[in-house]
Amino acid sequence: MGSSEPSTEEFFQEKKRVRNPFVPVGALITAGVLTAGLISFRQGNSHLGQKLMRARVVVQGATVALMVGTAYYYGENPWRSS
């Protein structure tokens, strides 16, 4: 190995991990709405359960969009010319 190329450990130390604080919040909200929906289905309130499951899909989609948006914003764009 030549000294000009960084080792794997050095490469991973240089790469900073970007964290969006809204992603864990979205994951917790998704889990909470899912749990509430499952409880209402179990109690026999299928109308409320359906509304909660639809809300879960919306919240989960927003969380995934945040993850993708954060990765795109802070990541390297392979289509950008150097």
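Read along the sequence, the protein chain follows the pattern α-α-α, and its secondary structure comprises three helices and zero strands (helices being DSSP runs of H or I of at least four residues, strands runs of E of at least two, numbered from the N terminus). The model is predicted: local features require a pLDDT of at least 70 and side-chain atom pairs a pLDDT of 80 or more, whereas totals for chains, interfaces and linings use all residues. Residues are numbered from 1 along each chain as its sequence is written, and side-chain values use heavy atoms, with hydrogens and water left out.

The mean pLDDT of the protein chain (the predictor's confidence in each residue, from 0 to 100) is 82, and 70% of the residues score at least 70. Where pLDDT is low, the predicted coordinates should not be read in detail.

The protein chain exposes about 7300 Å², of which carbon and sulfur atoms supply 61% (accessible areas by the Shrake-Rupley method with a 1.4 Å probe; for residues, only the protein chains shown count as cover). Of its 82 residues, 15% count as buried (under 20% relative accessible area; exposed is over 50%, and partly exposed lies in between). Of the contacts (heavy atoms within 4.5 Å) between residues at least 6 apart in sequence, 50% join residues at least 24 apart.

Residues up to four places away in sequence aside, Thr63 touches Val23, Gly26, Ala27 and Thr30. A polar atom of the Thr63 side chain also lies 2.9 Å from the backbone oxygen of Val59.

Met53, likewise in helix H3, counts as buried at 14% relative accessibility. Beyond its neighbours within four places in sequence, Met53 is in contact with Leu34, Gly37, Leu38 and Phe41. Leu38 belongs to helix H2 (residues 22-42); its C-alpha atom is separated by 8.4 Å from that of Met53, 15 residues apart along the chain.

Leu34, Leu38 and Phe41 also make a nonpolar surface patch of about 240 Å². Patches are made of residues with over 30% relative accessible area and no salt bridge, nonpolar side chains (Val, Leu, Ile, Met, Phe, Trp, Tyr) being joined within 5 Å and like charges within 9 Å; a salt bridge is a side-chain nitrogen of Lys or Arg within 4 Å of a carboxyl oxygen of Asp or Glu.

Technical notes: Buried < 20%, exposed > 50% of the residue type's maximum accessible area, 1.4 Å probe, protein only. Polar contact = N/O pair within 3.5 Å; in protein donor to acceptor, adjacent residues only side chain to side chain.
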